[in-house]
Amino acid sequence: DESYKNVKQGDTAIFIVEITNTGTFDDTYDVIAGSIEDIICKVNGVNADQYNPYEFTLSSGESTTFEVSAEVWESVPVDEWSVIIEADSQNNTEISDELILTLNVQKKNKAINTILLSRFLDQFPLLQKLIQNLGL
């Protein structure tokens, strides 16, 4: 399912979204993308928010696709989070559509860092014992 992505903390998920002008006239659309504060959403590389939407024009019956990226900061808790895409017609304010994309944020793999830390601590047994006593 293109509307659901697994992504690790600190990584970016990419969605491909398609929009079609089902009307009888050419239309220009404003697209915005948003989520929680620590997930940075872009439409075709643009920070598309309510103040600076991503804009494009389609002829009647024409479709286009665009890329929505969701950069998940390492501070985002492990859980499912929504990215909301909204497309609004500039020609008719009553025409609007919304798409909800889902990110399944997973814990960042820190195995390499753990191995390196373990090798480092092997050189310093007292420091290793202190860390173990502190429960870190």
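Let's start with Leu101, which sits in strand E8. Keep in mind as we go that this is a predicted model.

Is Leu101 buried or exposed? Leu101 is buried: its relative accessible area is 2%, and the cut-off for buried is under 20%.

So who are its neighbours? Leaving aside residues up to four places away in sequence, Leu101 touches Ser3, Phe15, Val17, Val68, Trp81, Ser82, Val83 and Ile85. Have a look at Ser3 in that list. Along the sequence, Leu101 and Ser3 are 98 residues apart, yet their C-alpha atoms lie 4.7 Å from each other in space.

Now, over to the charged side chains.

Glu2 has a relative accessible area of 36%, so Glu2 is partly exposed. Lys5, at 23%, is partly exposed as well.

The other pairs Lys108 with Glu74, and here the N to O distance is 2.6 Å. Which parts of the chain does this pair link? Distant ones: Lys108 belongs to the loop between strand E8 (96–106) and helix H1 (111–122), while Glu74 belongs to the loop between strand E6 (63–72) and strand E7 (79–89), and the two residues are 34 residues apart. Lys108 is partly exposed at 30% relative accessibility, and Glu74 is partly exposed too, with a relative accessible area of 46%.

Note on methods
Residues numbered from 1 in each chain as written. Predicted model: local features only at pLDDT ≥ 70, side-chain atom pairs only at ≥ 80, totals over all residues. Heavy atoms only, no water. Buried < 20%, exposed > 50% of the residue type's maximum accessible area, 1.4 Å probe, protein only. Salt bridge = Lys/Arg side-chain N within 4 Å of Asp/Glu carboxyl O. Helix = DSSP H or I, 4+ residues; strand = E, 2+ residues; numbered from the N terminus. Contact = heavy atoms within 4.5 Å.
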